[in-house]
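I opened my notebook next to this model and jotted down what I looked up. Here are the entries, in the order I made them.

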Amino acid sequence: MILIWMIIILLAGGILCWLLSKSNSPAIKWIALLAVLIDLVLLLNIWLQHGQGLTANTGNWMIQYQSAWIPSFGISFHVAMDGLSLILVMLTFFLGTLAVLCSWKEIEKRAGFYYFNLLWTLAGITGVFVALDLFLFYFFWEVMLVPMYLLILIWGDKNRRYAAYKFFIFTQAGGLLMLISILALYFIHGAQSGTYTYDYLSLLGTRIDPSVAKWIMMGFMIAFVIKLPMVPFHNWLPDAHSEAPTAGSLILAGLLLKTGAYGIIRFVLPLFQQYAADIAWWAMLFGVIGVIYGAMMAFAQTDLKRLIAYTSVSHMGFVLTGIFAFREIAMQGVIMQIITHGISTGALFVLAGMIKERLHTRDISQMGGLWSYMPAMGGAAMLFTMASLGLPALGNFIAEFLILLGTFQANPTFTVLASTGLVFSALYSLRLMQKVFLGPPNAPHKVNDISGREFIILAALSISIVLLGLFPQAVLDVAGKVISNKLYVIR
Amino acid sequence: MHQTLSLIPALPLAGFLILSLLGRRLPNRLVALIGAGVISAAAIIAIWLGISFLQAPPDSGAYSVELWRWMSVANFNCSFSLHVDALSLVFVFVITFVGALIHIYSAGFMKHDRDYARFFASMNLFVCAMLLLVMADNLVLLYLGWEGVGLCSYLLIGFWYETTANVQAANKAFYITRVGDTAMAIGFFLLFRELGTLDIPAIQKLAPEHFTSGSPIITAIALLLLAGGMGKSAQVPLQTWLPDAMAGPSPVSALIHAATMVTAGVYLVARMHVLFQLSPLVMSITAVIGALTLFIAGCSAMVQTDIKRILAYSTISQVGYMFLALGVGAWSAGVFHFFTHAFFKALLFLAAGAVIESLHHEHGIFKMGGLKNKMPLVFYTFLAGAAALAALPLITAGFFSKDQVLWYALSANGGNPLLWIVALLGAFITAFYTTRLMLVVFWGTEKTHVGELPGRLMTLPLVILAILSICAGFIEWPHNMLHITLFSDLVQKVLPPVVEAEPVPSEALFQLIAVVATFSGVFVGYLLYRKNTSIIESWKQTPAMVWLRDFFYTGWKFDELYNILFVRPFVFITQLNKQDVIDKIYAGIVSLFQRLNGIFSVSQDGSVRTYVIGVLIGIIFILALQLIL
C-alpha cells in the first residue's frame, strides 16, 4: 500500500499546485517540495526496514500490493518493489527533490501548472519503476510522457515547440509498438492458459512461438532503446535536453532515460531470455557505436546543453553493451551507471542551467574563464566533468569499470572498442572545462557565485557521487539479489 | 603500526579537503602551514615506518591494512587496502620526503599568487594520489591513484588557467596519459579474465603457475601494462606531453618530475615484474623503448633554450634509463636510479624556479648569464644537482645509479652491447647539455637584472636536496669498488636479483669508458659554449645543422606527426558531423510527410463539386471491383 501512497502523494500534490495556480502564491513550490520530500522520507524508511533483509533469503519482492482495477480484462493494480526498483525510485525522489529546488527561481510563469506537470512526471516515473502489470506499466509510461511534453512545450527555450514535438513523436512511436507487443503477449498467454491477464509474474512463463516472439520482443526493445537512447534513435534527445527547462533536463537525463534501461532489464530479458541472447551481439555493437558516436558528437558541440546531452548518448551506450553482456559484473555496472549517470549528468545540466541564468546563453564560445568569477561553481563543475570522464573515487568509474570488466568476459573486441570511450570522454570533458571555466575571463558583466540554495543542490549531488565512488557496495548489495537471478545472467 | 599506515595518504587527503573547502577564507600563512604541514607529517610517519621496517621486518615482508571492502560482485572482489613492502617503502619515502621539501619551497615561491589555497590543495591531492598508487594492494586501487595523479597534473599544469596555452598543455598531458591508462585498464580486464583476481599479492603468486613463459596472452598483458607505464612516464611514443607540462609553476614541475607522476610507470613495471619476467619479448621492448627514449629526449635537451624545457627533456631521458634498467632485468638498478634522480631533479627544478623568479619570469637561458656571483647559493646547489645529472664519478649520487644501469645494460641477461652503446651515448649527451646549461646560465655576463633573491623557505629545501644529490648514492656502491649494497639489499626483498649473462671481463674497463664519455661530454660543452663559441656561430650558417637543430628542438617532430595523424582528422570528422547526419534521415521523413500532405490536401479544396466527383469515382471503383471479383 505504501507504494500506492507514494504515487498518490505526488499526484495529489500536483493537483493541489494546479488548484493554487490562480493565487500564484509561494506556497506552490513549498507544496511541491514537501510532496517529494515526504516520498523521499517514506522510501528511506523502506530502505532501512528492508535493506538489511535483502542479504538474507527473503525473496526478491520486499513490498507487493495488488488490487483489481479492470478485472474483466485481467488488468490489476499490481505494484511491487525489489532491490532494482528501490534503487531507481530512490534516484527518482532524490533527483525530484533537486528538480523542484532548481525550479525555485527559474519558473515564474504559470508556476502552479508547472509544478503539476513536474510532480505528475515524477509520479509516472515512479509508477513505471514499480508497476508489475503490463497495462499499468503502459499507463504510467504515458503518464510520464505527457507532462514532460508540456514542460518542454511551455517552459522551454526558444526552439521549444520543435523539441517538444520531436520528443513526443519519438517516444510515442516506440510506446505504440510496445503497446502492440503487450497486447500480443496478452492474447498469446490467454489463448494458451485460458486466463487473460496483464500480470507480469504470470506472463513470465509464457511459451511463444519463436518466429512471433522475436517480433514481440522487438516491440518492447524499440520502445526502450528509443528512451535509452540508442544510436540511431537518439535524435530526440539533444533537442529535448537543450530546450527543456533545467529541471526538465535533469529529469530527462537523470530519470527518463533510465526507464529505457529499466524496461530492458525488467521486461525484455526475463520475458524473452532466449531471443534476447540472440540479439545480444547486435545490441552490444549498437551500444559500442553509441559510446563512440555520442562522444564524437559531444566533442563538436558549441551549445552547452547539447554537448552534455550527447555525453548521455555515449554513457548510455555503456548501459546497452553491459546489459547484453549477460554477466553479473557487467549488470551490476549497469545499475551503477544508471544511478551515477543520473547524478553526474543531472548535475552538469543543473550547472548549465545556473550558467544560463547568469549569462543568458548556452553558447560556449561566449563563455570562458568563469572560474575567476565563480570558483565554487568551477570546483563543482570540475568534480562532475571528472565524474563524467570516469575518474576513480567517483561513482561513474565504478559503473564503467564493472561494465567493461564484465563485458570483457563476453566479448573482448567490443570491450576494447568501448574502452576508447574513456579516451573520448576525456576529450569532450576537458574541452567543456576549457571553454567554459578556464581560459581568459570572458563574461559580459559581473556574475555572482552560487547562492545558498544552489549550494545545497550541488552539495547533495557532489556528496552522493563521491559516496557512490568510495562505498558502492551499499548499492551493489541492494541490487545484487535481483541481478544474480538466472534471468539476467548467462553463466 | 597497521593503522598508522593509513595516515600516510590520509593526511594529504585531509589537507586537500580542508584547503579546497575552506581555503579561500583562510589566511595565507595558515594555508601554507596546513599544506606543507600535512606532507611533512606524512614524511615523518613514513620515515618512522621505514626505520621500524628496517629494524624488524614484518614476517610477511609487508605492512598491510584493509580499510574497507570496496566492491564485491560475483567473483570480483576488491578492497580499499594498503600494502607496503620494501619497494613501496622506497617510493613512499621519496614521495613524502621530496614532496614535503617541495611544499615548503612552494610556501615561499607562491606567496604572491592569489590562488594560494587552490595551489596547495591540488599539491596535497597530488601527493595523496601518488601515495595511494604505490601503497595499493590491488590494481583497481592502484588505478585510482594512477588516475588521481593524472587529474592533479591536469589541475596543476593548467594552474594559471587564464592563459589558453597553459590549459592546452594541461589537456594534452591528460589526453596522452589517458591513452596509456586505457591500454592499462584493458590489460587489467585481460588479467582478471585469466586469473580471476586483481589483488597484487595474489597475481604475483598465481601468475607463474598460470602462464607459460612467452605465451601470447602474457605478452599482451605485459604490453598493455607497459603502455600505461609509458604514458605516465613519458616514454616514446607517448612522451610529447611532458615538455609542454612546463606550463605549470616550477614546484609543480619538481613534483611531477621527481617525486610523482613520471615515476609511476617505473613503479608499475617494477611492481608487476612477475608478469614482465614471464614475457622476455616485452622485457626487450621495455629496454629498447628506454634506450630510444633516453637518446631521443637527450638530443632534444641539447638544443632547448628554455631552462625548464631542458630539464623536462632530461627527465624523459633519465626515466628512459630507468626503463632500460628494468627491461634488461636490473630491477633494483632501475629503482635506484629513480631514487637518486628524485633528489637531483627536484633540486634542479626548484633551483631553476628560483632563477626564473629572480629574473622576473625569464625562461630563456640565453637571456640569463653571470648568475654565479649574483646568486651564489642557488648556483652551488644547482651545481650539485647538475653534477649529479651529468653523473660525475664518485662525488655525485647520479653516478652510482647510472653506473649500475650502464653496466647491466651490457652484462645483465637481457642486456646487449647495442643497448650499452646507446646508454653510453646518452651519458655523453647528458653531460654535454648539463654543462651547456650551467655555463650559459651561471657564467658569462649578466643579461637580465637580478631581482629579489629567494627567501629562506626556498633555500632550505635547496640545500637539503643538494646534500642528498651528492650523498644519496653512497648507500650502494659498484660491487667492484666497495661492498656496500644497502639499497639493493632492501629492494631485493621484493624484486629479483639481476641475472648476469656469461661474465663480461673487466667491469672496471667499462666503468672507465663511461667516465671518459661523461668527461668528454663536459669538455665538448665547455669547448662549444665557453672556449670557442665561434663553432656554434659557423653551424648556424650550415643548413644541415640548422635543420638538425630544428628537428631536435621540436622534439623530433612528434607533435607535428600526431597533429596530422590524429588531431586534425578527429577535429575534421567531428566538425563535419556537428549537425548529426542521422538527424537528416528524420528530417527527410518529416519532409516526405509534408509533401504527401501537400498532395493529398489538394483533394480537400472545399468545393462540393470535387467531393461529389470523388464519391462517384469511389462508387464506380467499388462496383467495378465487385464485378471483377
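**A serine in chain A.** I began with A:Ser242, whose side chain reaches the backbone oxygen of A:Pro238 at 2.6 Å. A polar contact here is a pair of N or O atoms within 3.5 Å; within protein, one must be able to donate a hydrogen and the other to accept it, and residues adjacent in sequence count only if both atoms are side-chain atoms. A:Ser242 sits in helix H9 (residues 236-243) of chain A. I use helix for a DSSP run of H or I of at least four residues and strand for a run of E of at least two, numbered from the N terminus. Is A:Ser242 buried or exposed? I noted it as buried, because its relative accessible area is 2%; buried means under 20%, exposed over 50%, and partly exposed in between (1.4 Å probe, protein chains only). Leaving out residues up to four places away in sequence, A:Ser242 touches A:Asp303, A:Lys305, A:Arg306 and A:Arg362, where contact means heavy atoms within 4.5 Å.

**Ground rules.** I am working with a predicted model, where local features need pLDDT of at least 70, side-chain atom pairs count only at pLDDT 80 or more, and totals for chains, interfaces and linings use all residues. Residues are numbered from 1 along each chain as its sequence is written, chains are lettered from A and ligands numbered from 1 in the order in which they are written, and side-chain values use heavy atoms, with hydrogens and water left out.

**Salt bridges.** My rule was a side-chain nitrogen of Lys or Arg within 4 Å of a carboxyl oxygen of Asp or Glu. It gives 22 salt bridges over all chains. One of them pairs A:Lys356 with A:Asp157, with the closest N and O atoms 3.1 Å apart. That pair joins distant parts of the chain, 199 residues apart: A:Lys356 is in helix H13 (residues 328-359) of chain A, and A:Asp157 is in the loop between helix H5 (134-155) and helix H6 (160-193) of chain A. A:Lys356 is partly exposed at 28% relative accessible area, while A:Asp157 is buried at 18%. I also found A:Asp157, A:Glu243, A:Asp303, A:Lys356 and A:Arg362 linked in a network of salt bridges.

B:Glu162 is partly exposed at 31% relative accessibility, whereas B:Arg114 is exposed at 58%. B:Asp115 and B:Arg118 also meet in a salt bridge (2.8 Å, N to O), and both of these residues are buried.

**Where the chains meet.** How many residues does each chain bring to the contact? I have 50 from chain B and 64 from chain A. The buried area between them is about 5000 Å², with carbon and sulfur atoms giving 70%; buried area is the accessible area (1.4 Å probe) that two parts lose on being put together, summed over both. In chain B, B:Tyr161, B:Arg178 and B:Phe189 lose the most area to chain A, together 14% of what that side buries. The rule finds 2 salt bridges across this interface, and A:Asp477 forms a salt bridge with B:Arg69 at 3.8 Å between the closest N and O atoms. I also logged 19 residue pairs in polar contact between chain B and chain A (both at pLDDT 80 or more). H6(B) gives the most to the side of chain B that touches chain A, with 14 residues.
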